[in-house]
Amino acid sequence: MEIVEVSSYEALPLLSLNHVSLLCRSVWDSVRFYEDVLGFVLIKRPSSFNFNGAWLYNYGIGIHLIENPALDEYDTVNELRPINPKDNHISFQCTDVGLVIRRLQDMGMRYVTAVVEDDGAKVDQVFFHDPDGYMVELCNCENIPVIPISSCAFKPRGESFKKAPAKCGFMENVMMESLSMDMMNFSF
């Protein structure tokens, strides 16, 4: 699905996410993780690179690993970090979150689950870390439709004559109000 937003700028000719690049302590530990846990396949990378790394690919997405054994110098905490779904993460769409959880259990991996609900739709999520502490999420996020914020009706605070549609919540209305106020400020 393509989202069309009204903007004063012409859209860039973007097609899709190509790859995610990650620094890692050990390329081979990370390669094994992304192969064994997520099903990525090691692919050839350009021979002109003069640093240790690896490229993996599957599901229309690339993962580029760049080895930096000194990564610990940047991270003073060497203990296991809590798995926090509100932290930076890479998310992959999947069809069976239960199967993912069973695989993580079989591998003895730590993980956290969460459920997001909106208008009767439910998304199951599972979060876990790769060998370098990057968080990965697997979810069935297609269960919640992508609704452009511009399709949400603006309801000024304190006015009850126009009810915002159920598909748009409090934050969407706050964002639309802010946008409307910005537009009014530009018009004077």
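Hi everyone. A salt bridge, as used here, is a side-chain nitrogen of Lys or Arg within 4 Å of a carboxyl oxygen of Asp or Glu. With that in hand, R25 and D132 form one through their side chains, at 3.0 Å from N to O.

A quick word on the model before I go on. It is a predicted one, where local features need pLDDT of at least 70 and side-chain atom pairs count only at pLDDT 80 or more, while totals for chains, interfaces and linings use all residues. Residues are numbered from 1 along each chain as its sequence is written, and side-chain values use heavy atoms, with hydrogens and water left out.

R25 sits in the loop between β1 (19-24) and α1, and D132 in the loop between β7 and β8, so the pair links distant parts of the chain, 107 residues apart. Helices (H or I, at least four residues) and strands (E, at least two) are DSSP runs, numbered from the N terminus. Are the two partners buried or exposed? Buried means under 20% relative accessible area, exposed over 50%, and partly exposed in between, with a 1.4 Å probe and protein chains only. D132 is buried because its relative accessible area is 11%, whereas R25, at 24%, counts as partly exposed.

How many salt bridges does a search of the whole structure find? It finds 3. Another one joins R32 and D29, at 2.5 Å from N to O. Both of these residues lie in helix α1, 3 residues apart, or about one turn of the helix. R32 is partly exposed at 45%, and D29 is partly exposed at 37%. Then there is R81 with D87, at 2.9 Å from N to O; R81 has 33% relative accessibility and counts as partly exposed, and D87 does too at 28%.

Now for the rings. The structure holds 7 aromatic pairs. Rings of Phe, Tyr and Trp (its six-membered ring) pair if their centres lie within 6.5 Å; planes under 30 degrees apart count as stacked, over 60 as edge-to-face, and the rest as tilted. Y34 and F40 are edge-to-face because their planes stand at 90 degrees, with the ring centres 6.5 Å apart. Both Y34 and F40 are buried.

F40 also pairs edge-to-face with Y59, at 5.4 Å centre to centre and 80 degrees between the planes. Here too distant parts of the chain are linked: F40 is in the loop between α1 (27-36) and β2 (41-43), and Y59 in the loop between β3 (53-58) and β4 (61-67), 19 residues apart. F40 has 3% relative accessibility, while Y59 is exposed at 52%. Ring pairs join F33, Y34, F40, Y59, F92 and F128 into a cluster.

Last stop, the sheet. This open sheet has 4 strands in the order β5-β8-β7-β6, with mixed pairing; two strands pair if DSSP finds at least two bridges between them. Its edge strands, β5 (89-93) and β6 (112-118), each pair on one side only. β6 and β7 (residues 121-129) are antiparallel over 7 bridges, and D118 stands opposite A121 in β7. Helix α3 (residues 97-106) packs on the sheet and touches β6, β7 and β8 (135-139), its direction making about 20 degrees with that of β7. Contact means heavy atoms within 4.5 Å; axes are lines fitted to C-alpha atoms, for helices over the stretch in contact, and angles run from 0 to 180 degrees between N-to-C directions.
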